[in-house]
Amino acid sequence: MESDCVAPTSAGTAADDLAFDVFARACPSRDTLEHITGKWGGLTLGALKEGSLRFNELRRRVDGVSEKMLSQTLHALERDGLVHREAQPVNPPRVDYELTPLGQAVAERLLALIDLVEDRMPEVLTARARYDEERDATARGAATTGRGGR
């Protein structure tokens with residue numbers, strides 16, 4: 001029986017020879033994509049692209065993230081091989097986080113997407129306003145004719 005995720009290539013044994021399909025429910029690449037594109041994962045990777053940061057520096061940079069959520073995010077990104085955690089043998093303890101080469105490659109692409117979104121926000125805001133206005137007009141029209149909207 002074939003997997004829902006990977007199809008072995010001619011060699012078919014090593015992980016490098018597997019074809020992953022993020023659209024397949026059971027594919028582990030889907031979890032990694034979620035770690036990268038989730039709200040805190042994307043912001044954490046973007047912040048670490050600027051260089052190595054300590055936990056509290058990272059927490060301040062990623063405004064709004066809780067200590068617990070940042071910790072969970074860092075663990076997931078570390079497990080996926082995107083972030084390296086280095087505990088310094090000093091008192092008080094010091095832990096630094098930085099991107100791995102894989103994390104650097106992912107963050108570069110992610111930051112390009114972030115730049116695109118930020119650059120195009122005027123269009124997004126215009127589209128949102130138009131959408132909301134059309135929905136409000138539809139709801140008002142339905143209310144005046146006695147029919148429920150939607």
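Mentor: We start with a salt bridge: Lys-49 pairs with Glu-108, and their closest N and O atoms are 3.8 Å apart. Lys-49 sits in the loop between helix 2 (39–48) and strand 3 (53–54) while Glu-108 belongs to helix 5, so this pair ties together parts that are 59 residues apart in sequence. Bear in mind that this is a predicted model.

Trainee: What is the general idea behind such a pair?

Mentor: Side chains of opposite charge can pair when their charged atoms come close. The cut-off used here is 4 Å between a side-chain nitrogen of Lys or Arg and a carboxyl oxygen of Asp or Glu.

Trainee: How many salt bridges does that rule give?

Mentor: The count is 6. One of them joins Glu-50 and Arg-61, at 2.8 Å from N to O. This pair also links distant parts of the chain, with Glu-50 in the loop between helix 2 and strand 3 and Arg-61 in helix 3 (residues 55–61), 11 residues apart. Another joins the side chains of Arg-120 and Glu-123, at 2.3 Å from N to O.

Trainee: Now strand pairing. Which way do strand 4 and strand 5 run relative to each other?

Mentor: In a regular strand the side chains alternate between the two faces of the sheet. Here strand 4 (residues 83–88) and strand 5 pair in the antiparallel sense, over 6 bridges. A hairpin of 5 residues joins strand 4 to strand 5, and Val-83 stands opposite Leu-99 in strand 5.

Trainee: Where is Thr-100, and why does Thr-100 count as buried?

Mentor: Thr-100 is in the loop between strand 5 (94–99) and helix 5 (101–119). Thr-100 counts as buried because its relative accessibility is 17%, against a cut-off of under 20%. Leaving aside residues up to four places away in sequence, Thr-100 touches Gly-81, Leu-82, Val-83 and His-84.

Trainee: Which residues make the nonpolar surface patch?

Mentor: Leu-113, Leu-116 and Val-117 make that patch, which covers about 260 Å². Leu-113 lies in helix 5 and is partly exposed, with a relative accessible area of 49%.

Methods: Residues are numbered from 1 along each chain as its sequence is written. This is a predicted model: local features need pLDDT of at least 70, side-chain atom pairs count only at pLDDT 80 or more; totals for chains, interfaces and linings use all residues. Side-chain values use heavy atoms; hydrogens and water are left out. Helices (H or I, at least four residues) and strands (E, at least two) are DSSP runs, numbered from the N terminus. Buried means under 20% relative accessible area, exposed over 50%, partly exposed in between (1.4 Å probe, protein chains only). Contact means heavy atoms within 4.5 Å. Patches are made of residues with over 30% relative accessible area and no salt bridge: like charges are joined within 9 Å, nonpolar side chains (Val, Leu, Ile, Met, Phe, Trp, Tyr) within 5 Å. Accessible areas come from the Shrake-Rupley method with a 1.4 Å probe; for residues, only the protein chains shown count as cover. Two strands pair if DSSP finds at least two bridges between them.
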